[in-house]
Every structure is written in structure tokens, then in C-alpha cells.
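Reader: I would like a close look at one part of this model: the strands, and the side-chain pairs that connect them to the rest of the chain. Please walk me through it in one go.

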Amino acid sequence: MTNLSKTEQRERRHRRVRAKVAGTEERPRLSIFKSNTRIVAQLINDEKGLTIAAVSSAAEKGKTPREKAEAAAASLAKQAGAKGVKKVVFDRGGYQYLGTIKAFADAARAAGLEF
């Protein structure tokens, strides 16, 4: 048994998630990447390999990472609405569904995205 780094473990989890989750024209994939300083989210049509909308919490205002994530989710939902996207498939990117990831997802739902 080998010892894997945190990044390698997350990438393995992400590959497992991606085996089951794919974005289409009607329901693009809401993909999340979390670093120590920010959250980056994209709406992706995997059939065409096209990014529909993207947002980073680094560009948003807020005191805490959670507030920035919520502002980024609202911004992404606004961009998606302008492109006619209401339903998405959530790809948590191998991260646990808690903390800022959960705050982002809840704020995106509250802003009008369905998943």
C-alpha cells in the first residue's frame, strides 16, 4: 500500500466523481476547484468541451472565505441565467460537501440554479 499525498487522494476522488457526472447542453456541469485562498467554479458543457461561465471568489467582496464563496455563487448564477441555464449537475471536485463548498452550493441554489 502506497502513501498518497492529499492532492493525489483528492484527484482520485475527483476521477470517481467524474466517471458518473457529465455536463450536457441542457444541464452543464458546475465544477468546483478549491485552493487555500479561493474557490473557482465553472459551468462546462462536456459534449462540446466548452466553458459556458466561470467565476472566482478572489474577485468577490466579503470578509470571510464563506462570504466570498456565496458572492461568487450568486455571480455565477447571474451569468448562467443570462445564458439561459437553470439546471446544472454539481461536481464537487473530490472535496467533501461541507464548509465553503456547501456554502457555495446553497448560495447557487438560492440564486436560482437547480441541482
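Author: This is a predicted model. The chain has three helices and four strands. Read from the N terminus, the order is α-β-β-β-α-β-α.

Now the strands. β1 covers residues 29-34 and runs antiparallel to β2, with six bridges joining the two. One of the contacts across this pairing is set by Ile 32, whose bridge partner in β2 is Ala 41. Four residues separate β1 and β2, and the two strands form a hairpin.

β2 then pairs again. Six bridges join β2 to β3, residues 50-56, and this pairing is antiparallel too. Here Asn 45 has Leu 50 in β3 as its bridge partner. β2 and β3 also form a hairpin with four residues between them. Gly 49 sits in that turn and has a positive phi of about 70°.

How covered is β2? It spans residues 39-45, and five of its seven residues are buried. As background, side chains in a regular strand alternate between the two faces of the sheet.

Helix α3 has buried residues of its own: Thr 100, Ile 101, Ala 103, Phe 104, Ala 105, Ala 107 and Ala 108. Their cover includes β1, β2, α2 (65-82) and β4. After α3 comes Gly 112, with a positive phi near 120°.

Next, the charged pairs. Side chains of opposite charge can pair when their charged atoms come close. The count here is six salt bridges. Take Glu 25 and Lys 48. Their closest N and O atoms are 3.2 Å apart. Lys 48 has 58% relative accessibility, so it counts as exposed.

The salt bridge of Asp 91 and Arg 29 has an N to O distance of 2.9 Å. Asp 91 belongs to strand β4 and Arg 29 to strand β1, so the pair ties together parts 62 residues apart in sequence. Both Asp 91 and Arg 29 are buried.

Arg 109 and Asp 106 meet in a salt bridge at 3.3 Å, N to O. They are three residues apart in helix α3, so about one helical turn separates them. Arg 109 is partly exposed at 36% relative accessibility. Asp 106 is partly exposed as well, with a relative accessible area of 35%. Elsewhere, salt bridges with shared partners join Arg 18, Arg 29, Asp 46 and Asp 91 into one network.

Now the rings. There are three aromatic pairs. Phe 33 and Tyr 95 have ring centres 6.5 Å apart and planes at 70°, so this pair is edge-to-face. It links distant parts of the chain: Phe 33 is in strand β1, while Tyr 95 is in the loop between β4 (89-91) and α3 (100-110), 62 residues apart. Phe 33 is partly exposed at 41% relative accessibility. Tyr 95 is at 11%, so it counts as buried.

Phe 90 and Tyr 97 also form an edge-to-face pair, with 6.1 Å from centre to centre and 85° between the planes. Phe 90 has a relative accessible area of 17%, so it is buried. Tyr 97 is partly exposed at 34%. Phe 90, Tyr 97 and Phe 115 form one aromatic cluster.

Last, the chain as a whole. A compact globule of 115 residues would have a radius of gyration near 13 Å, and the chain has 14 Å, which agrees. Its C-alpha atoms fill a box of roughly 50 × 35 × 20 Å along the principal axes. Of the 115 residues, 37% count as buried. Among contacts between residues at least 6 apart in sequence, 53% join residues at least 24 apart. The chain exposes about 7,200 Å², and carbon and sulfur atoms supply 50% of that area.

How values were computed:
Residues are numbered from 1 along each chain as its sequence is written. This is a predicted model: local features need pLDDT of at least 70, side-chain atom pairs count only at pLDDT 80 or more; totals for chains, interfaces and linings use all residues. Side-chain values use heavy atoms; hydrogens and water are left out. Buried means under 20% relative accessible area, exposed over 50%, partly exposed in between (1.4 Å probe, protein chains only). Two strands pair if DSSP finds at least two bridges between them. Rings of Phe, Tyr and Trp (its six-membered ring) pair if their centres lie within 6.5 Å; planes under 30 degrees apart count as stacked, over 60 as edge-to-face and the rest as tilted. Contact means heavy atoms within 4.5 Å. The radius of gyration is taken over C-alpha atoms; the globule rule is 2.2 Å times the number of residues to the power 0.38. Accessible areas come from the Shrake-Rupley method with a 1.4 Å probe; for residues, only the protein chains shown count as cover. A salt bridge is a side-chain nitrogen of Lys or Arg within 4 Å of a carboxyl oxygen of Asp or Glu.
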